[in-house]
Amino acid sequence: MNIIIYDCEIVKAIPNRDGSKLEGIEYCAGWRDFANMGVSVTGVYDYVEGRYRVFCEDNRAEFEKLIAERDLFVGFNSIPFDNALLAASPFWPVPPASQCYDLLREIWAAADLGPKFDFMTHGGYGLDAVCLKNFGTRKSGDGALAPMLWQQGKIGAVIDYCLNDIFLTKQLFDAAICGLPILSPKDGKPLTLRDPIGIAP
């Protein structure tokens, strides 16, 4: 399969809901301030080579090469977040929208929900909740904590967190490839996702 799974982490932290910030930490304005977030790590699982990969500023050109060579780009909340982040970050390539398979959007669609987040209807379908319900696996941390760790020089911790998210996303995608239903974390209802293979050119 000429496919990659990808996930990005950010450099600048997100302010708390009350606007409070920690001393010594750089912040962007919030989760929609893509132009000021910065990309710290982009993690990938490459089905062609059967391995996980990590891209930072120093090997960003290799990620660009990978984007040019693969046909389908799989993520979780990747279209509104990861793609927007990459598009706002100088020199980072963006997967073509027509070749992206966003598992969160596909889960929403299978649950008869639209593609845009609404707190009243779309909450509760996060990566941690979905994988816990279906596989008993969990995220290893919090995306809001990752940029703080990065700024503190804990690069390995951020990479480890990112690759675990890739692993969880791969679990979901592998189930979708096999046509297996994904159980809703809200009510346990089996959700049949759109066949991802038909999307790739």
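This note goes through the nonpolar cores and the salt bridges of a predicted model.

1. The largest nonpolar core has 27 residues, and the members that touch the most others are Val 74, Tyr 101, Leu 103, Ile 107, Leu 172, Phe 173 and Leu 193. Two or more residues each come from strands E1 (3-10) and E4 (72-75) and from helices H4 (103-110), H6 (127-135) and H8 (155-177). Helix H8 contributes the most, with six residues.

2. The whole structure holds 10 salt bridges. One of them joins Arg 70 to Asp 46, with 2.9 Å between the closest N and O atoms. Arg 70 sits in the loop between helix H2 (60-69) and E4, and Asp 46 in strand E2 (residues 39-46), so the pair ties together parts 24 residues apart in sequence. Arg 70 counts as buried at 8% relative accessibility, and Asp 46 is buried at 0%. Both belong to a salt-bridge network that also links Lys 65 and Glu 69.

3. Asp 165 pairs with Lys 139, the closest N and O atoms lying 2.8 Å apart. Asp 165 is in helix H8 and Lys 139 in the loop between H6 and helix H7 (146-151), so this bridge connects parts 26 residues apart in sequence. Asp 165 is buried, at 5% relative accessible area, whereas Lys 139 is partly exposed at 23%.

4. Within helix H8, Lys 170 and Asp 174 are four residues apart, which is about one helical turn. Their side chains form a salt bridge of 2.8 Å, N to O. Lys 170 counts as buried at 17% relative accessibility; Asp 174, at 25%, is partly exposed.

Technical notes
Residues numbered from 1 in each chain as written. Predicted model: local features only at pLDDT ≥ 70, side-chain atom pairs only at ≥ 80, totals over all residues. Heavy atoms only, no water. Core = buried A, V, L, I, M, F, W, Y, C linked by side-chain atoms within 4.5 Å. Buried < 20%, exposed > 50% of the residue type's maximum accessible area, 1.4 Å probe, protein only. Salt bridge = Lys/Arg side-chain N within 4 Å of Asp/Glu carboxyl O.
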